[in-house]
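Hi there,

Here is the structure I promised to pass on. My notes on what turned up follow below it.

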Amino acid sequence: MSFCSSPSCTTLFIILLLTITITSKASKNDTTHRRHRQLSIDYYAKTCPQVEKLIGSITSQQFKDAPFIAPATIRLFFHDCFVEGCDASILISSQPGSKELAERDALDNKDFPVEVFTSIDKVKALLESNCPGVVSCADILAISSRDYVNLAGGPYYEVKKGRWDGKKSKASQVYSNLPRANSTMDELIRLFNSKGLSIEDLVILSGAHTIGYAHCKYVTSRIYDYHGTKQPQSNIDPRLLKALRMYCPNYGGNEDIVVPFDVTTPYKFDHAYYANLEANLGVLETDQALFSDTRTKLHVQIMATDKEKFFRGFIKAMEKMGEIHVKRGRKHGEKRINCSLHV
Ligand code: HEM
């Protein structure tokens with residue numbers, strides 16, 4: 001993955017933006033929260049008590065060796081949960097000769113670096129040698145995501161476990177179940193609601209964009225020709241616009257170039273993402289829309305003010321997301337030995 005991996009690219013980008021001062025306001029909100037009786041924190045207490053430690057031994061090493069795997073894994077978990085539920089169906093490889101491609105090969109999943117899949121495979125191999133046939137790939141994805149949130153500076157939280165792996169993985173299911181960088185707020189709210197997630201969850205989970213990168217293709221129309229006007233969208237800070245245009249040319253250019261989502265603290269899982277939105281420093285149209293839409297603005301302002309509140313909210317929202325359409329038992333699921341191969 002070639003995010004400005006020569007550090008000069010990102011450094012320059014950040015320097016351009018470091019002088020930006022950000023202010024925010026406080027307010028109150030409420031949280032709706034749905035519990036899932038089937039999952040439990042001590043699910044592997046008897047069958048694989050060292051599961052978290054084993055996973056942690058790999059995630060902490062990966063974070064040192066290839067930190068870009070952290071945001072990519074968190075996004076992978078999100079894309080898994082939104083399509084057919086949190087069942088690791090996104091990890092299954094397309095079978096040669098099969099009529100339909102698997103989720104992983106859908107256009108919306110093409111940007112994942114291959115290392116994110118190999119890193120899950122490493123975890124699975126370690127678990128298979130310690131607790132064969134016990135831990136599901138879906139739980140590995142949930143636990144690894146938590147590890148990476150924490151390793152990047154975000155909160156630590158207990159992950160409920162007990163998900164089984166799905167047996168279906170169809171590329172055709174992906175498009176309609178994922179948001180797009182230019183989705184309208186109505187579309188985002190409707191999609192999240194259809195997964196049992198509230199408007200507040202939408203704002204809080206979008207806070208995962210406090211780390212990670214976006215390919216230029218997701219911003220070019222916004223910065224050069226917004227809705228055919230030949231002008232950028234009006235709600236972009238001029239310094240951000242300049243920086244984005246430096247990296248992302250209108251035509252041609254390297255398709256692998258990526259820009260950091262959080263232009264002030266790109267490597268830290270914190271709440272700066274929200275203050276950035278208040279300062280018109282959102283990278284995607286959908287990020288910035290969270291601050292312009294009256295239904296989401298107040299939540300943005302609250303998260304910008306209170307990091308602990310964001311962290312608490314993020315834990316709850318991740319738990320909710322991690323419970324979407326969870327499968328249990330042999331009738332509906334399986335425990336894969338190799339996460340990329342349907343048994
Ligand atoms: C609200 C609607 C959302 C939209 C429209 C959206 C869209 C995107 C897009 C276009 C990218 C860039 C991918 C690339 O260029 O490689 C991205 C990256 C990312 N997304 Fe989202 N996303 C949304 C919500 C979420 C949620 C709910 C999460 C997790 C809880 C999440 C986590 C991430 C992370 C961590 C990255 C960085 C990936 C990396 O650096 O490899 N996103 N998202």
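**Around the ligand**

The ligand is surrounded by 23 residues (those with a heavy atom within 4 Å of it), and the closest are Arg-180, His-209, Tyr-213, His-215 and Tyr-218. Please keep in mind that this is a predicted model, where local features need pLDDT of at least 70 and side-chain atom pairs pLDDT 80 or more, while totals for chains, interfaces and linings use all residues. Residues are numbered from 1 along each chain as its sequence is written, and side-chain values use heavy atoms, without hydrogens or water.

His-209 sits in the loop between α7 (199–206) and β2 (213–215); helices (H or I, at least four residues) and strands (E, at least two) are DSSP runs numbered from the N terminus. The NE2 atom of His-209 is the single protein donor to the ligand's iron atom, 2.1 Å away (donors are N, O and S atoms within 2.8 Å of the metal, or 3.2 Å for Na, K and Ca; water is not among the atoms, so sites may look incomplete). Oxygen atoms of the ligand also lie 2.9 Å from a backbone N or O atom of Tyr-213 and 2.7 Å from one of His-215.

**The nonpolar core**

The largest nonpolar core has 78 residues (buried Ala, Val, Leu, Ile, Met, Phe, Trp, Tyr and Cys joined through side-chain atoms within 4.5 Å; buried means under 20% relative accessible area, with a 1.4 Å probe and protein chains only). Helix α3 (residues 69–82) gives the most to this core, nine residues.

Best wishes

Definitions and conventions
Buried means under 20% relative accessible area, exposed over 50%, partly exposed in between (1.4 Å probe, protein chains only). A polar contact is a pair of N or O atoms within 3.5 Å; within protein, one must be able to donate a hydrogen and the other to accept it, and residues adjacent in sequence count only if both atoms are side-chain atoms.
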